[in-house]
Amino acid sequence: MSEKATDLFGDPSRTAPRVFPVISDKENRKQLSDWIDSHESLEYVPFEDDLEAIDFDVCILDKKALREYREELARIKTKAEPVIVPYLLLVPEYDVSLIEFEQEQLIDAVTPASVDEIASLPLKQKEVEWRVRALLRLRNQSVQTNAKARRYQSFFESIRDAFLVTDTDRNIVDCNPAFTDLFGYSLDEIAGKPTHSVYESKAEFEEMGEAIQGNIGDREFTNMVSYETKSGEVFPGETNIFYLHDQDGEIQGFVGLIRDVSERLERERELERYEAAVEGSTDMLVAADRDRRVLIANDRFRELVGQTNDEIRGSHLRDVVGEDDFEDIEPRFERTLDGEQVNYIWDTTIDENKTRFLDVRTYPLRDGEDDEITVVVASLRDITEEKERQERLSVYERAIKGADELMAAIDDECQYLFANEAYRRVHGLDSEEYTQLTLREGVGEEAFKTARPYVERAFEGETVTYRMTRSPEVGAERTLSIQYSPLQDESGSTWGVVTTMRDITDRKERERELRRVNQAVEASVHAIFITDPDGTITYANPAFEEMTGFSPEEARGDTPAILDSGEMSDAYFEEFWETILSGETWEAEVINRHKNGETYTANQTVAPVTGNGDIEAFVAVQTDITERKQREQRLQRQSRAIANAPVGITISDPDQEDNPLIYVNDAFVEMTGYLREEILGENCRFLQGKNTDSERVARIREAIDNEEPIAIELRNYRKDGTEFWNHLEIAPVRNDEGEVINYVGFQQDVTERRQHHQQLETIDRMLRHNLRNDMNVIQGHAELIHSETSGDVAQSAAKIGDVSYGLMETAEKEREITEILLEDPIQEEITIKPVLQRVASTVKSDHSEATITVECPEDVTVRATTQFEEALLELVENGIIHDDSDSPDVAITVTRSDEKTYIDIADTGPPIPEIEQNVLDEKAEQTPVYHGTGLGLWLVKLITTRSGGTITVNENTPTGNIVRITFQQ
């Protein structure tokens, strides 16, 4: 049955009182079940075969059920006593006499208390309801009464003093366990016996009766009585007597409280015996009466409080020790007056120089005549130093025993002093015998060899920490931190060493991860700040200050409202908070205000940080896009300015994926045939087709990857599929920091010019072919004339041959220049030294009389066209062939300075004519009547310029020329 709470209707474990219907009639049972279910304040209990296992608060039954289950119902009632389990009996509605007659028969058939209420059939809901409620109240009252009785019974049995309960005739009716323990009698043995049976004698009992007359119930009145236990042992007992009243205040008996004061009396006698030794004690001793007046204090106590014997005697303890310390002492003094010997630690500042810890023991001293406690004696011992040592040792002991780390200590002989459980477990040391071992024996020879130098340093007074890795048989390699620390006495001498060993593998990995994250956040160029759920800033990285002007210290504790520019609408912030508070990430542009008052535009991402389903913080990342927005605005202005340009102009954004076009002018749209909306957002490669040269496309891609300009002609396709030759020039656009922010492209349809070049190239090949054939004829005739004649005719023939050979060389130079001009320049990274060595070797093979030297560092490279080696060959060969000496000398020197690379070609021949120098440095304009005579220097100039270099000519000392080619690194 349910007895889970003292208040049935207040029991939190129940939703409602449980009603158990046991009705044989099906219709009545259905009607009663529906009635119970219609009341939320009642809980229906279904029927089960084992009635005694069912938990209910009231049972409704009819006659048939009562007869069938009367034995089970009777047992349920009996088992629950004294708690009432009420039964409501339903009987057919007859006349009153018949109901009474049947009720008597039914009650006689079960037990007198089986049926608590009777209600008539057919069911009347109001009658059943008030009867059920009345029975539930009756049950609830019995539950409360029973619980209260149990509490008093538990209290009675738990009291440590002996309690004896008698009736008004002083016959024993009850006792608590403490009485049984003290006297040796069980309640069955003494119940009904007169009280004097537990006294030493009847006379003692009668004296007790006379002494307590008029003092029964007085808590201040106690009487000392000699009691005799069951075993015959006599002991003195301090006794209080109280009346036992019923609810109407009538005396029903007496309650006696008995305390065995044998030990207390013995302590008092001992105190008297030792009183003479007070003054000679090494402890501080003081005695005070019940009024807290000092009776006696020895010299050591008087020294503590700084008072003379005359000053302290008769003084109140409050005046002796001070108000604060007296409040600490008073409750212990009171306990001692109650007969308790009290031991406690008193920390006092009575000595103003420092806090003193005193071990205080108080003893009650009884009067010899009436055994009343009249004096409290206190013995005080100064344990300040001991207390401090104990506290330190306690801390060390707790730290060592509870530590996960391996900890141990050794003496100066390397013998173990102690080792915690973790250390002993890892090293396999016996918990009792390990102190007989040395460190060498405990850890093994190999480990001791490694540890020995560190241990020796620790014995020299140094704290040594080192790390080592250990590879266990199973699992990954672990990192251990090992420390040896000296144990020193007050003089600083080392008498032992403490060792600790800690597995820091996981910690190091976490630290590395945290450092990486922290470094990434701290080094980020984006402004990152964190707020709590209420929006208060708790962290900001250095980039935050650079972007906003507010230092992290200024921002912490404030809100992002410090950045509010006033330019964002209320709707913006409403959507912002709605998004992040729902746990989603917000990303949008925002206009903020710098600390200096200027506004800036940022791309802001705010993400919630959740834990256990709750938002714990918000992380915001801001990227300053002010410059980008300004660039876009400038580009828009530029777009309007160049919209009517006669060539196609495009602008792309490399900060976006795939470097899409963000601007094209009308000329580009007209040239390609695509609509502007089809173009923007796409990479320019959509103009390429099946005949587009993949090598040229690769050169474009390489130039963009290297952030370099490029000019190239490319076969492209219009939207309608027609081909056209596109002269494409792409150049990177950089900001003030040198970062590429856009690429601008100039597109020009050069299909017609390309066709002209092809026609010129055809004519050039034809002319050179005819010239070469005619020159061969002229050279043949000149050689024939020269061989068959002499004198002026032979010389003229030789002159004709030389001129024809010169014309042939000039035609070959012209061919090379033409090919270069018709080709797009292709630049590549060239290592200079091997190129120069090949040039020197080639010229030397044709001019063995010449001296050619090369001085060049191994790692010098320049970016130049593939024909650059021909230009170098031309310059070195010119330096040889124009030198009339027997041993021409050419020196090639390569140097670096100020981010530039210099290639100097110095010869010892005659100065280069001014008109030829002008070809190289472009100091004078070439005209039909003022121009150089050779194409070699034109070739050098053309190749060098296409390689991105410049050429200058200076005089050599004492004679000769220095041609310098300069490249920007």
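Arg838 and Glu869 form a salt bridge, with their closest N and O atoms 2.9 Å apart; the term stands for a side-chain nitrogen of Lys or Arg within 4 Å of a carboxyl oxygen of Asp or Glu. The pair links distant parts of the chain, as Arg838 is in helix α28 (residues 832–846) and Glu869 in helix α29 (residues 868–881), 31 residues apart. Helices (H or I, at least four residues) and strands (E, at least two) are DSSP runs, numbered from the N terminus. Arg838 counts as partly exposed at 42% relative accessibility, and so does Glu869 at 29%. Here buried means under 20% relative accessible area, exposed over 50%, and partly exposed in between (1.4 Å probe, protein chains only).

The model is a predicted one, in which local features need pLDDT of at least 70 and side-chain atom pairs count only at pLDDT 80 or more, while totals for chains, interfaces and linings use all residues. Residues are numbered from 1 along each chain as its sequence is written, and side-chain values use heavy atoms, leaving out hydrogens and water.

In total, the structure holds 39 salt bridges. Another of them joins Glu52 to Arg75, with the closest N and O atoms 2.9 Å apart. This pair also links distant parts of the chain: Glu52 is in the loop between β2 (43–44) and β3 (58–62), and Arg75 in helix α3 (residues 70–80), 23 residues apart. A further salt bridge is formed by Asp658 and Arg685, at 3.1 Å between the closest N and O atoms. Side chains of opposite charge can pair when their charged atoms come close.

Moving to the chain as a whole, there are 31 helices and 37 strands. Of its 969 residues, 40% count as buried. Asp411 and Gly496 are 85 residues apart in sequence, yet 4.1 Å apart in space, C-alpha to C-alpha. Leaving aside neighbours within four places in sequence, Asp411 is in contact (heavy atoms within 4.5 Å) with Leu417, Phe459, Trp495 and Gly496.

At the surface, Phe573, Trp577 and Leu581 form a nonpolar patch with about 280 Å² of accessible area together. Such areas come from the Shrake-Rupley method with a 1.4 Å probe; for residues, only the protein chains shown count as cover. Patches are made of residues with over 30% relative accessible area and no salt bridge, joined within 9 Å for like charges and within 5 Å for nonpolar side chains (Val, Leu, Ile, Met, Phe, Trp, Tyr). Trp577 belongs to helix α21 (residues 570–581).
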